[in-house]
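Please brief me on this model.

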Amino acid sequence: MKLTFIGAAHEVTGSCHFLEFADRHILIDCGMEQGADIYENQEIPVNAASIDYVFVTHAHIDHSGLLPLLYARGFRGKVYATNATTQLCGIMLKDSAHIQESEAEWKNRKARRAGRPEVVPMYSVEDAEGVLQHFVPCPYDREIRVCEGLEACFRDAGHLLGSSFIEIRVTEGKESRKLIFSGDLGNGNRALIRDPELPGAADYLIIESTYGDRLHTVPPDYATEMAKVLAATFSRGGNVVIPAFSVGRTQEMLYYLRKIKQNNMLPAFPGFEVYMDSPLSVEATNIFNENVSECFRAEDLAMIQQGINPIQFPGLVKSVTSEDSKAINFDKKPKVIISASGMCEAGRIRHHLKHNLWREECTIVFVGYQVPGTLGHSLLNGATEVKLFGETVQVRAQILNLPGISGHADREHLTSWVQGMPEKPKQIFVVHGEDAVTDEFAAHLTEATGAPAIAPYSGDSYDLLQNACVVLGSRKRAEKKTAAKKKGVSSVFDRLLAAGQRLLAVIHKNKEGSNKDLAKFADQINALCDKWER
């Protein structure tokens, strides 16, 4: 019975943990790295086709974004997630695949002109659609018997619609161990989203530390603060551009903008328009509206019962087509533009930055965490010029970070959440935080809770029966990657190798088959080899 840390170890993104017991192989999250790679992440130590189950804490790409790649490499097991997470992954993974394909096509146009070899995308829309067929939607707070020796339960983490921390119990012979994977924990008192549930007892706790070194300020009245920004910017004749994650943060912004309109908090500009410029955001907002009863907090449920949609209002314009998006920047009226991606690394937001960053009358408002190495992080940290679509753009717009809006629990909330456990765990593993923060927060948790806490590195593997580290992973810092490697693009030959590895895994799974079936399988493989042997 072992737990191996793969991603988001001494790093913030790319969450992935590998659990083994008996002959079962399980992943908890399979996320994509965003921003700079700090340490060399180890590969999952088994073939993708050998993985039986994946449990997804929530739909954000840094927790779910490599599931299509797992499928492309041969995974055909089951993916367990909450109902809302399943629905959100249905749109987010296909959107991510579309981005992979578009970027590969753009690179290949340049490669063909330069006589360089072409690349293939990390994964395709077909891969995303394939893995989505393997999702098993689960309700909150219901224990699920996945297979012999494996039970799981999803609890509300209060971070995103459908987000969860997952309680997993594994049994091997007479020995049983319970693990809790926090996923990303919410800060509480959020628009729309319920507060995180408290955890039960567990032998092992795997906890995030994104804000493990910070204390959030007393939350301001977000609608009031946003109204001040809008009034000042509109008075200058500028636009307010909000880079926001399509899922979660965009809906929160709609909530506060609805409040501004409803309470007439901007009397000088009562009819101002808000452009939600992201097809993904539009689809995600529809999913929010479909999951009211299971996910919304009580006060928002009451609002809906009164006939008020908390994320809909007059003046909200939904831009879906590329023509709709382009037209926004030809309209000279001051307006609010909410677009993705939230860290400005891809998507339509980059076009809006190109059209608005150089205008000193405009304001760019950041409302979410910006990973170091991203364009959003650079802008927040004083960049005076940036490159967009090969063009240098001067930064003259006002750059603001709206304080207090956070989807992550801070140091105090995280600590209280752990202290709420009825018993101290045998071991706490601190993950999903910046390099120095993970170690510091682990030391803090040890002191605050009395439970031993450590921050593992990628590749570290722990025997859960003995509560001991049995493999030390690499502590080597990652070399700077080329753009192709960072984005995960590969060659077609890589895809062929993955198919071969899947074939080996399928062969091993058929070990107990009848002699007749195995002989037929062998003949089919040999015939294929004869066809392709050079």
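Helices (H or I, at least four residues) and strands (E, at least two) are DSSP runs, numbered from the N terminus. This is a predicted model, in which local features need pLDDT of at least 70, side-chain atom pairs count only at pLDDT 80 or more, and totals for chains, interfaces and linings use all residues. Residues are numbered from 1 along each chain as its sequence is written, and side-chain values use heavy atoms, with hydrogens and water left out. D221 sits in the loop between β11 (204-208) and α5. The structure holds 26 salt bridges (a side-chain nitrogen of Lys or Arg within 4 Å of a carboxyl oxygen of Asp or Glu).

- D221 is partly exposed, at 40% relative accessibility. The classes are buried (under 20% relative accessible area), exposed (over 50%) and partly exposed (in between), with a 1.4 Å probe and protein chains only.
- D221 and V146 are 75 residues apart in sequence. Their C-alpha atoms are 44 Å apart in space.
- Helix α5 spans residues 222-235, 14 residues in total. From first C-alpha to last it reaches 20 Å, close to the 20 Å expected at 1.5 Å a residue. The expected span is 1.5 Å times one less than the number of residues.
- The buried residues of α5 are Y222, A223, M226, A227, V229, L230, T233 and F234. Seen down the helix axis, these buried residues fall within an arc of 165°, so they line one face of α5. The arc is that of the directions from the helix axis to the C-beta atoms.
- Cover for the buried residues of α5 includes the strands β12 (240-243), β15 (336-339), β16 (363-366) and β19 (398-401). Helix α6 (249-262) is also part of that cover. Contact means heavy atoms within 4.5 Å.
- The face of α5 turned away from the buried side carries the exposed residues K228 and S235.
- G237 follows α5 and has a positive phi, near 85°.

- K228 pairs with E225 in a salt bridge, the closest N and O atoms being 3.6 Å apart.
- Both residues lie in α5, three residues apart, about one turn of the helix. An α-helix has 3.6 residues a turn, so residues three or four places apart point the same way.
- K228 is exposed at 52% relative accessible area, whereas E225 is partly exposed at 27%.

**Salt bridges between loops**

- K333 and E273 form a salt bridge, with their closest N and O atoms 3.7 Å apart. K333 lies in the loop between α10 and β15 and E273 in the loop between α6 and β13 (274-277), so the pair ties together parts that are 60 residues apart in sequence.
- K333 is partly exposed at 47% relative accessibility, and E273 is partly exposed at 23%.
- Salt bridges that share partners join E105, R109, R112 and E118 into one network.
- The side chains of K426 and D203 meet in a salt bridge at 2.7 Å, N to O. K426 lies in the loop between α13 (411-419) and β20 (427-431) and D203 in the loop between β10 (175-181) and β11, so this pair ties together parts that are 223 residues apart in sequence.
- K426 is partly exposed at 40% relative accessible area. D203 is buried at 16%.

- S325 lies in helix α10 (residues 322-328). S325 is buried, with a relative accessible area of 8%.
- Leaving out residues up to four places away in sequence, S325 touches D277, S319, R348 and H352.
- L301 lies in helix α9 (residues 298-305). L301 is partly exposed at 24% relative accessible area.
- Neighbours within four places in sequence aside, L301 is in contact with V292, S293 and F296.
- L301 and R350 are 49 residues apart in sequence. In space they are 35 Å apart, C-alpha to C-alpha.

**Surface patch**

- F493, L496 and L497 form a nonpolar patch on the surface, with about 320 Å² of accessible area together. Patches are made of residues with over 30% relative accessible area and no salt bridge: like charges are joined within 9 Å, nonpolar side chains (Val, Leu, Ile, Met, Phe, Trp, Tyr) within 5 Å. Accessible areas come from the Shrake-Rupley method with a 1.4 Å probe; for residues, only the protein chains shown count as cover.
- F493 lies in helix α16 (residues 492-509). F493 counts as exposed, at 52% relative accessibility.
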